[in-house]
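I opened a new structure today and kept notes as I went. Here is what I looked up, entry by entry.

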Amino acid sequence: MKKIEKIAFILLIISLLWSIILPSVTKADETNESKSRYTSYVAIGDSIAAGYGLENISKDSYAQIVKFHYNIDENNFSNKGVVGATCEDYYHFITDSEDAETYRNLIKNADLVTVSVGSNEILGLIVKAIADGAGVDVVDAEENAIPTL
């Protein structure tokens with residue numbers, strides 16, 4: 001259990017640092033040249049890309065913000081964010097799902113692709129570490145997302 005807690009803690013620290021560093025990198029790239037650099041954009045990811053929990057997804061999701069920042073036309077934009085998606089899900093989406101060829105073509109033809117998957121795996125590790133520390137059994141999320149005592 002201690003190993004899981006250490007991994008979860010390290011991943012949490014990395015994600016916090018990333019959230020601090022990424023906005024500064026984005027801010028440094030705000031020139032007129034950067035606004036015309038990309039003409040097509042695909043966002044791939046989980047709940048974060050999908051904009052889950054935001055009041056106005058069509059305006060406030062990071063994918064929409066990037067699209068607006070680079071002045072990308074709506075017809076050249078695709079947000080493939082899926083709430084609850086994992087890295088394994090995206091591997092399936094891109095390799096052997098019914099829409100695999102569509103995913104691959106979107107990625108291949110885009111000037112800009114953002115990928116934000118893995119937060120559900122990290123969240124799962126954190127929930128498990130907390131539950132283990134509290135002596136709580138976590139029921140499989142597909143059955144029931146509520147921990148049981």
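Is Glu74 buried, partly exposed or exposed? I found a relative accessibility of 46%, so Glu74 counts as partly exposed. The cut-offs I used: buried is under 20% relative accessible area, exposed is over 50%, and partly exposed is in between, with a 1.4 Å probe and protein chains only.

**Ground rules.** The model is predicted, so I noted that local features need pLDDT of at least 70 and side-chain atom pairs count only at pLDDT 80 or more, while totals for chains, interfaces and linings use all residues. Residues are numbered from 1 along each chain as its sequence is written, and side-chain values use heavy atoms, with hydrogens and water left out.

**Overall layout.** I listed 8 helices and 3 strands in the protein chain. These are DSSP runs numbered from the N terminus: helices are H or I with at least four residues, strands are E with at least two. From the N terminus on, the order reads α-α-β-α-α-α-β-α-α-β-α. Buried residues make up 26% of the 149 residues. I then looked at contacts, meaning heavy atoms within 4.5 Å. Among contacts between residues at least 6 apart in sequence, 68% join residues at least 24 apart.

**Salt bridge.** My search of the whole structure gave 1 salt bridge. The term needs a side-chain nitrogen of Lys or Arg within 4 Å of a carboxyl oxygen of Asp or Glu. Lys67 and Glu74 are the partners, at 2.3 Å from N to O. Lys67 has 11% relative accessibility, so this residue counts as buried.

**Aromatic pairs.** I found 5 aromatic pairs in the whole structure. Rings of Phe, Tyr and Trp (its six-membered ring) pair if their centres lie within 6.5 Å; planes under 30 degrees apart count as stacked, over 60 as edge-to-face and the rest as tilted. Tyr38 and Tyr70 are edge-to-face, 4.8 Å centre to centre with 90° between the planes. Tyr38 sits in the loop between H2 and E1, Tyr70 in the loop between H5 and E2, and 32 residues separate them. I checked burial: Tyr38 and Tyr70 are buried.

Why is the pair of Tyr41 and Phe77 tilted? The planes lie at 35°, with the centres 5.5 Å apart, so the pair is tilted. Tyr41 is in strand E1 and Phe77 in strand E2, 36 residues apart. Both are buried.

Ring pairs also join Tyr90, Phe93 and Tyr103 into a cluster. Lys80 lies over the face of Tyr103, 5.6 Å from the ring centre. For that I required NZ of Lys or CZ of Arg within 6 Å of the ring centre and within 35 degrees of the ring normal.

**Cores.** A nonpolar core is a set of buried Ala, Val, Leu, Ile, Met, Phe, Trp, Tyr and Cys residues joined through side-chain atoms within 4.5 Å. The largest has 9 residues, including Tyr38, Tyr70, Ile72 and Leu112. E1 and H5 are the elements that give two or more residues to this core. A second, separate core has 7 residues, among them Ile44 and Phe93.

Most residues other than glycine have a negative phi. Asn71 has a positive phi, near 55°. I placed Asn71 in the loop between H5 and E2. Its relative accessible area is 64%, so Asn71 is exposed.
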